[in-house]
Amino acid sequence: MSQMKHIDNIPSTPGKFKMEKSPYNRWRLHFSLAKLTFWSFVFLGVIFMFFFRSPSPPSPHSSDLSRRSLRTSSYDDPAWEKRIKASAKVRSRNGMSVLVTGAAGFVGTHVSSALKRRGDGIVGLDNFNDYYDQSLKRARQALLERSGVYIVEGDINDVALLKKLFDTVQFTHVMHLAAQAGVRYAMENPSSYVHSNIAGLVSLLEVCKSANPQPAIVWASSSSVYGLNSKVPFSEKDRTDQPASLYAATKKAGEEIAHTYNHIYGLSLTGLRFFTVYGPWGRPDMAYFFFTRDILKGKSIQIFEGANHGTVARDFTYIDDIVKGCLASLDTAEKSTGSGGKKKGPAQLRVFNLGNTSPVPVSELVNILERLLKVKAKKTIMKLPRNGDVPYTHANISSAQRELGYKPTTDLQTGLKKFVRWYLSYYGNGKKSAQ
Ligand SMILES: NC(=O)c1ccc[n+]([C@@H]2O[C@H](COP(=O)([O-])OP(=O)(O)OC[C@H]3O[C@@H](n4cnc5c(N)ncnc54)[C@H](O)[C@@H]3O)[C@@H](O)[C@H]2O)c1
Ligand SMILES: *[C@@H]1O[C@H](CO)[C@@H](O)[C@H](O)[C@H]1NC(C)=O
């Protein structure tokens, strides 16, 4: 977690190289971005993206080292191209070739390896940013490497790199999972959300719309778009115009941007609203993960409760169920209809909830962990802060059930057992523990 602290809070501007000479720079000085509302901030992000586009903007996270390696790795290197082509090789009849963004991430790793196992061709893309422990991302990369999946190290805002990838491989599908995740971190580093979830999404869609043939795109939205909506279970048609965090606002913006690219360019787009995904190789910034770490260390954990001692509950969804939903989305995605950057006919536009449909109180999550770890947790009960987390999530998955054949099969007890088994084998029994 200490790594998360030093990340600069300076609002980064995608493509900031030309900032010095720009009149917008002076303009920026007079305004504190922090004072702007969510939506104007989101809007600004899009504007900035268009004014300051450049071939290779640095990620707000990426170290100088990784930035340099990105620059020096020539896109015309035949060995590099060969590696990409080998990784993209389709090994099954009617297999697809998929660009997976965020491949070194939690969901990206699982989806990539599942696709590879069934014979699809995969190229990963990830900027390996330091939002959480980078060694975990490197370990996932090593895991994929062993199964023949190559992850290109780069940013989704790097349009030149994306174009090069599409020139090298005719991707039939894009599984877009790269994003700045996390609800509370948005107050520490708001610009990273605009950079990856808005500017990055637009860069990716720009390249997809110009590609020949255009790929079909499946991407991760979030259950957080339901925000302050209190009608449960959450159905896709419910209102999503009251986001409770900047993270949620950028995902909601993504859904609107998806609509635009579908409408103007005929891109086939499927947005998946994931509900609290957990499992082996998971994310250290999520409660089930750091509760496990802290319980093993004998460190006290904070359990949130809602207003009037109300329960805080989550529709925890096991990673294997999410992977099935992702693969079914790719399999049922229709082709994009545009070519030469122009729409030729109406294209598919979908949004699905992918949840488990059984919310579990966070206190029960802790009980299960205590039993699995055979350690009693030291708990402090706290009021849920009003900085983005909502008290309750519950997915209505009837639409995904109907259209994708999606049917989650892992309950929290079973899924956590698998997570704990992985955690103990990866970190050892508390001696070498997660950061
Ligand atoms: N895990 C959940 O509970 C959950 C819930 C709802 C939505 N989601 C969404 O699902 C997707 C995957 O989530 P995850 O849990 O695997 O998160 P993750 O942080 O483990 O994975 C995201 C990956 O994307 C990479 N990345 C971030 N910005 C990038 C950029 N600009 N260019 C290239 N790579 C970049 C990161 O390095 C990381 O490896 C995300 O879009 C997330 O918002 C996740
Ligand atoms: C779930 O969503 C479907 C639409 O996909 C809707 O018809 C149904 O009424 C919803 N169920 C509940 C309990 O809200």
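**Confidence and a helix pair**

Guide: The mean pLDDT of the protein, pLDDT being the predictor's confidence in each residue from 0 to 100, is 87, and 82% of its residues reach 70 or more. This is a predicted model, in which local features need pLDDT of at least 70 and side-chain atom pairs count only at pLDDT 80 or more, while totals for chains, interfaces and linings use all residues. Residues are numbered from 1 along each chain as its sequence is written, and chains are lettered from A and ligands numbered from 1 in the order in which they are written.

Over residues 50–60 the pLDDT stays under 50, and the model has 30 contacts there beyond four places in sequence, a contact being two residues whose C-beta atoms, placed from the backbone, lie within 7 Å. Where pLDDT is low, the predicted coordinates should not be read in detail.

As for the packing, helix H13 (residues 362–373) meets helix H15 (residues 412–427) at an angle of about 45°, with the axes 10 Å apart; helices are DSSP runs of H or I, at least four residues, numbered from the N terminus, and axes are lines fitted to C-alpha atoms over the stretch in contact, with angles from 0 to 180 degrees between N-to-C directions. On the H13 side the contact includes Leu-365, Ile-368 and Leu-369, and on the H15 side Leu-412, Leu-416 and Lys-417 are among the residues involved.

Terms used: Helices (H or I, at least four residues) and strands (E, at least two) are DSSP runs, numbered from the N terminus.
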